Amino acid sequence: MSDVGLHTVLDEFPIPDPLDVIEGRSVRRHLYPVIIVDGLPAAVDAVCGMLMHSSIALITDNHVGALYGEQTVQLFRERNVSVVLKSIPPGEHSKSVPTALGLMDWLAQSLLSRRDVVVSLGGGVVLDTVGWVASAYMRGIPYINMPTTLLADVDAALGGKVAVDHPTAKNLIGAFYQPLGVVTNVSFLATLDDRHLRAGLSEAIKKGIIASPELFKFIETRLADILGKSPVVLSELVRASSAIKCRLIERDPYEEDLRRPLNFGHTVGHALETTTGYGPVLHGEAVSFGMAVAARIAQTRGLVDAGTSDRIQELLRRADLPIHLSDLPVTVDVELLVASLVKVRLIRDGHLRFVLPLALGETAIVDDVTDSEIRDAVSK
Ligand SMILES: NC(=O)c1ccc[n+]([C@@H]2O[C@H](COP(=O)([O-])OP(=O)(O)OC[C@H]3O[C@@H](n4cnc5c(N)ncnc54)[C@H](O)[C@@H]3O)[C@@H](O)[C@H]2O)c1
Ligand SMILES: [Zn+2]
């Protein structure tokens, strides 16, 4: 037979009976590598190993761009990868629909094809924004995360939750859209300021508390090396935290079940961020305060022993993360904080979920915490 190209005969579809159920079905399996290296050349090599074509759009923010943009572009070009580079202003206000649309305009002008790859180089703001752009542009183009903050290394880079903020709510416009791969280079952390390093550490400590006594103990014993940015110790911290996050989210990658241990510290943490207007308190700091509050609630309920609750709070304190109201960089009105939680309870049909620690590596999810328990634990 002569070559007629892809020969398709679709004669196996009878006209369905009136009572036949017609179903749409779509199953996509995602498997992506998470590679952790120490050094920019090794990171660029790892990204190149994931590319199908030799053309990328590298998107970063102005801070990270000034530190690493030129060198990264140069390293890609040395490996015969053609690169177009774009920077967005740093900060949460860039995680917006206008910034995302600006990036789409730029991609359209750069004539990027559906097979080319977008590479995000930055913290959670860049990763969330660019991931959402990648999810929508041409109905989805591949993207690779190169996180540059500890928070992004251990959290934002993994799981495919991409979003931009809306004036009425954070992360309101988004999608689940998985990356082609994640390449984490711990040497980026050398230039990250201490406050952001500690805020990222808070999400790593969280993973130790909910899933790994071993990781918790590692952070306890190696805290000075972590804060001193030892690349070997940071690599181990990021490896363990990334593995835990990947294992926990693979059970429910699209968050159909909202009762997730990963939300430990986030009930009060989110309320604190909302009450203080997203800015003065970093996300990781708010989560630290929320974890301390949850530990105190669990202890008062007799769910966790005082030794474990103290151990959790002591590690956060040693990491210079907030555990009491007086540790926060702003004055917080307790009644406003409780009112914000009451509002969440109303929206969620009377259910305000708290992840409470029972022991290291063990949590319970409860939805009957009262306002007065919250008030007490917040003010302690
Ligand atoms: N998608 C998710 O699953 C997920 C999870 C957690 C947080 N987030 C999101 O992440 C965002 C916060 O991310 P973030 O804390 O990384 O903040 P960020 O992206 O704003 O970065 C913090 C600051 O550090 C700078 N910076 C980044 N890397 C640097 C480096 N190596 N050296 C020096 N400066 C550097 C940035 O320019 C910025 O000014 C929030 O919008 C949050 O909603 C998303
Ligand atoms: Zn978080």
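**View 1. The open sheet has 6 strands in the order β1-β8-β5-β4-β2-β3, with parallel pairing.** Strands here are DSSP runs of E with at least two residues, helices are runs of H or I with at least four, and both are numbered from the N terminus; two strands pair if DSSP finds at least two bridges between them. β1 (34-37) and β3 (82-88) sit at the edges with a single partner strand each, so one side of each has no neighbour in the sheet. On average, neighbouring strands are turned by 20° against each other, direction ignored.

This is a predicted model, where local features need pLDDT of at least 70, side-chain atom pairs count only at pLDDT 80 or more, and totals for chains, interfaces and linings use all residues. Residues are numbered from 1 along each chain as its sequence is written, chains are lettered from A and ligands numbered from 1 in the order in which they are written, and side-chain values use heavy atoms, leaving out hydrogens and water.

**View 2. Strands β5 (residues 143-147) and β8 (residues 181-185) run parallel, joined by 2 bridges.** Look for I144, which stands opposite G181 in β8.

**View 3. Helix α3 (residues 97-109) lies across β2 (55-61), β3 and β4.** α3 runs at about 155° to β3 (angles run from 0 to 180 degrees between N-to-C directions; axes are lines fitted to C-alpha atoms, for helices over the stretch in contact).

**View 4. Helix α9 (residues 266-275) packs with helix α12 (residues 334-347) at an angle of about 115°, their axes 9 Å apart.** From α9, residues including V268 and L272 meet L336, L337, S340 and L341 in α12 (contact means heavy atoms within 4.5 Å).
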